[in-house]
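Hello,

Here is the structure for you to look through. My notes on it follow below.

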Amino acid sequence: MANEAVLMYETHKPIPFTVADGTGIEKGTLLKLTDPMTASASDGADDIVCGIAAEEKIASDGNTKLAVYRGGIFRALAGEAITVGDPLTSHSVANELIVADVNNEQTFGISLETASDTDTFLFELRPWAGQLA
């Protein structure tokens, strides 16, 4: 995967989430949350993000648990111009991050650097932030 989020500083240990056995997930994939405490690859704008895959999940390997980072400092690809301090949300392009409109989008992190579209930048993962508005 070309656009995976790369862990730069581990501030939280990963925790196990349920995943589908038949699904493959690359390390560093942005993950969306479904009920009950289940993760899958983020595939659209404004997903409710539960974290970032801490390891690779191989499809149909018999495993239904995946270690997920819920906090940390990561490097990722900007899907548009981002300014330091901007709240972040998922993008319709896998693992690209964009600035959240805090009035109606799910946020999961804060930009630690300014970046142009398609540049990489540092951000703090904070999926518990939820909607800021």
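Leaving aside its neighbours within four places in sequence, which residues is Leu66 in contact with? They are Ile15, Pro16, Phe17, Val19, Ile25, Leu31, Ala53, Glu55, Glu56 and Lys57. Contact here means heavy atoms within 4.5 Å.

Before the rest, some ground rules. This is a predicted model, in which local features need pLDDT of at least 70 and side-chain atom pairs count only at pLDDT 80 or more, while totals for chains, interfaces and linings use all residues. Residues are numbered from 1 along each chain as its sequence is written, and side-chain values use heavy atoms, with hydrogens and water left out.

**The chain overall**

The protein chain has 0 helices and 11 strands. Both are DSSP runs, numbered from the N terminus: helices are H or I with at least four residues, strands are E with at least two. Buried residues make up 44% of the 133 residues. Buried means under 20% relative accessible area, exposed over 50%, and partly exposed in between (1.4 Å probe, protein chains only). Take the contacts with a separation of 6 or more: 58% of them join residues 24 or more positions apart.

**Back to Leu66**

Leu66 sits in strand S6. Leu66 counts as buried because its relative accessibility is 1%.

**The cores**

A nonpolar core is a set of buried Ala, Val, Leu, Ile, Met, Phe, Trp, Tyr and Cys residues joined through side-chain atoms within 4.5 Å. The largest one has 17 residues. Those touching the most other members are Ile52, Phe74, Leu88, Phe108, Phe121, Phe123 and Leu125. Strands S5 (49-53), S6 (65-69), S7 (72-78) and S11 (120-130) each give two or more residues to this core. A second, separate core holds 9 residues, including Phe17, Leu31, Cys50 and Val68.

Now look at Phe74. Beyond its neighbours within four places in sequence, its contacts include Ala5, Val6, Leu7, Met8, Ile52 and Tyr69. Phe121, Leu122, Phe123 and Leu125 are also among them.

**Two loops to check**

Start with the loop between strand S3 (30-34) and strand S4 (38-41), where Pro36 lies. The peptide bond from Asp35 to Pro36 is cis, with omega near 0 degrees. Met37 is in this loop too. Met37 is not a glycine, yet its phi is positive, about 40 degrees. Met37 counts as partly exposed because its relative accessibility is 45%.

Ser60 is in the loop between S5 and S6. Its phi is also positive, near 55 degrees, in a residue other than glycine. At 56% relative accessibility, Ser60 counts as exposed.

Best wishes
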